[in-house]
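Hi everyone, thanks for coming. Please take a look at the model on the screen, and then I'll walk you through a few of its contacts.

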Amino acid sequence: MSATDEWEGDNSEYLALSLDYVRLCLRRRRPAAEADGAALEDSIAAARAKRAALVLRMSAPPALVWLAGRLGLTEFETNLLLLCAAVEYDPHIGRLYADGPGPGREYPTFALALMSFDDPAWDALSPARPLRYWRLIEIMPGGASA
């Protein structure tokens with residue numbers, strides 16, 4: 001196997017682990033999450049550790065890590081970007097978007113990101129921050145309406 005093939009396989013694995021991490025973080029909002037909170041937090045920590053170990057093993061960083069570094073994305077901004085892109089990789093993730101408290105929308109919202117990920121930051125949506133400056137995300141008008 002060539003180095004390129006190995007990197008592509010590791011990059012795909014990193015993306016899969018990242019999507020698992022997003023799914024776990026989204027489950028924090030479920031009413032049942034309170035009952036198994038410690039186990040869920042352990043699973044989230046394990047998912048983070050798996051991703052970190054894979055990055056250390058790789059000869060070049062995964063595409064998402066490289067992009068985040070190149071554009072100056074914080075961990076929260078990277079997770080927000082992944083949250084928005086996740087539906088393209090997993091069409092069933094919309095159910096997790098809608099699950100839990102709130103109006104039950106099957107699409108990602110900033111409120112969802114704030115409730116789901118560690119170290120949330122309001123400035124992530126600033127036009128001066130990378131997500132909006134580079135047009136990686138778009139804020140849709142009327143998102144708060146019923």
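Let's start with Ser 116. Setting aside neighbours within four places in sequence, Ser 116 is in contact with Cys 25, Leu 26, Arg 28 and Arg 29, where contact means heavy atoms within 4.5 Å. Ser 116 lies in helix H6; helices here are DSSP runs of H or I with at least four residues, strands are runs of E with at least two, and both are numbered from the N terminus. With 0% relative accessibility, Ser 116 counts as buried (under 20% relative accessible area; exposed is over 50%, partly exposed in between, using a 1.4 Å probe and protein chains only).

A quick word on the source: this is a predicted model, in which local features need pLDDT of at least 70 and side-chain atom pairs count only at pLDDT 80 or more, while totals for chains, interfaces and linings use all residues. Residues are numbered from 1 along each chain as its sequence is written, and side-chain values use heavy atoms, leaving out hydrogens and water.

Now to the aromatic rings. How many aromatic pairs does a search of the whole structure find? It finds 4, where rings of Phe, Tyr and Trp (its six-membered ring) pair if their centres lie within 6.5 Å; planes under 30 degrees apart are stacked, over 60 edge-to-face, and the rest tilted.

Take Tyr 21 and Phe 117: their ring centres are 6.4 Å apart and their planes are at 20 degrees, so this pair is stacked. Tyr 21 is in helix H1, whereas Phe 117 is in the loop between helix H6 (110–116) and helix H7 (130–133), so to speak a link between distant parts of the chain, 96 residues apart. Tyr 21 is buried at 0% relative accessibility, and Phe 117 is buried at 3%.

Next come Phe 76 and Phe 110, with ring centres 6.1 Å apart and planes at 75 degrees, so that pair is edge-to-face. Phe 76 belongs to helix H4 (residues 75–89) and Phe 110 to helix H6, 34 residues apart. Phe 76, Phe 110 and Trp 122 form one aromatic cluster.

Back to Tyr 21 for a moment: the charged end of Arg 51 sits over its ring, 4.5 Å from the centre (the rule is NZ of Lys or CZ of Arg within 6 Å of the ring centre and within 35 degrees of the ring normal).

Finally, two helices. In H1, Trp 7, Asn 11, Tyr 14 and Ser 18 meet Ala 63, Leu 64 and Val 65 in H3.
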